[in-house]
Amino acid sequence: MENFPGFPNGIQGPELIENMRTQAGRFGSQYQLGHVSAADLSKRPFTLKVGKDSILTRTLIIASGASARWLGLPSEQALIGHGVSSCATCDGFFFSGKEIAVIGGGDSAMEEALFLTRFATKVTLIHRRDQFRASKIMLERAQKNEKIQFMLDTVIEDVYDVSQKEVTALKLRNLKTGKVWDFPTSAMFLGIGHIPNARIFEGQLDMDSEGYLVTTNSVFTRVPGVYACGDVQDRRYRQAITAAGSGCMAALEVEKFLDDEGQQP
Ligand code: NAP
């Protein structure tokens, strides 16, 4: 990670997480690893189903994030971290002086393409249609950028080269002409949307049309004692530092909530 404050030389994501975990452990935090498959927020204490067990809790902070949407090609999955990425701000720097492809036709793709022009010699935006979901202003900004070229009506059929463990080219197909060709590139950035990890709260918490949790005052859900922070409720900034900041807000609210109830946090 090149953009988390406090690490002038960057830091690997897993190392940052481990550091945070160790630091929180110094203050008595306990960890339990598990997959939460269901939640009952209808009464307190709230119940979380984790494997065969149930966890009862007086308050809850949901920080389950959003997962990038992928094309679903096996070669794409094999090359994540080796030239395939869904995060321009995280990985763009590694492709300085190279040619980069960005996939998608919405605001995320425009934003990624524009950001990547800081590093790349050329950015090719590949979109499966000739109409865009992107806002007019973002689209125009990308169209005006001399480093960005548009390739429309085109889909990705394969990503090369899994055997070399790096991206060297994309196999493309033009949906209108049927033409298939190999397009050399050093990286493929996906900008085809995110899926918030909030499905288990469906019907219990407010969500927007795309399933992001709706919060007021940054971190409050409609259920007293339940807070949400980070990418599961933030479709706009989606940065580690903004997620960490909203996590801090949620923790402070939990403390205040329990304090107001006369309970020790
Ligand atoms: P989006 O608007 O849903 O756009 C996703 C794009 O990816 C679409 O062009 C879609 O193509 C394409 N796509 C989806 N699945 C694909 C697949 N399997 N193969 C190829 N292409 C695929 O998502 P988004 O761009 O992430 O934006 C989500 C929301 O966040 C929007 O409301 C957006 O305005 C907002 N946002 C705002 C900003 C900003 O204001 N700075 C920045 C980022 C996001 P089709 O068009 O053919 O369906």
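Okay, hi everyone. Before anything else, please keep in mind that what you see is a predicted model.

Let's start with the ligand. Which residues sit closest to it? There are 16 residues around the ligand, and the closest are Asp107, Ser108, Glu111, Arg129 and Arg133. If you look for the element that gives the largest share of that shell, go to helix α4, residues 107-116, which supplies three residues.

Aspartate 107 has a polar side-chain atom 2.6 Å from an oxygen atom of the ligand. Arginine 133 puts an N or O atom of its side chain 2.7 Å from a ligand oxygen, and for arginine 128 a polar side-chain atom is 2.9 Å from an oxygen of the ligand.

Right, on to the cysteines. A quick reminder: a disulfide is a covalent bond between the sulfur atoms of two cysteines. The count here is one disulfide. Cysteine 87 and cysteine 90 make that link, with their sulfurs 2.0 Å apart. The link between cysteine 87 and cysteine 90 is right-handed, with 70° about the S-S bond. Are these two buried or partly exposed? Cysteine 87 is buried, at 18% relative accessible area, while cysteine 90 counts as partly exposed at 29%.

Cysteine 229, on the other hand, is in no disulfide. Cysteine 229 is buried, with a relative accessible area of 5%; cysteine 248 is partly exposed at 45%.

Last stop, threonine 221. You'll find it in the loop between β14 (194-196) and β15 (226-228). Threonine 221 has a relative accessible area of 10%, so it counts as buried. Its side chain reaches the backbone nitrogen of valine 223 at 3.2 Å, and a polar atom of that side chain lies 2.7 Å from the backbone oxygen of valine 226. Leaving out residues up to four places away in sequence, threonine 221 touches Leu205, Val214, Thr215, Val226, Tyr227 and Ala228.

That's my tour, thanks!

Note on methods: Residues numbered from 1 in each chain as written. Predicted model: local features only at pLDDT ≥ 70, side-chain atom pairs only at ≥ 80, totals over all residues. Heavy atoms only, no water. Helix = DSSP H or I, 4+ residues; strand = E, 2+ residues; numbered from the N terminus. Buried < 20%, exposed > 50% of the residue type's maximum accessible area, 1.4 Å probe, protein only. Polar contact = N/O pair within 3.5 Å; in protein donor to acceptor, adjacent residues only side chain to side chain. Contact = heavy atoms within 4.5 Å. Near = heavy atom within 4 Å. Disulfide = S-S within 2.5 Å.
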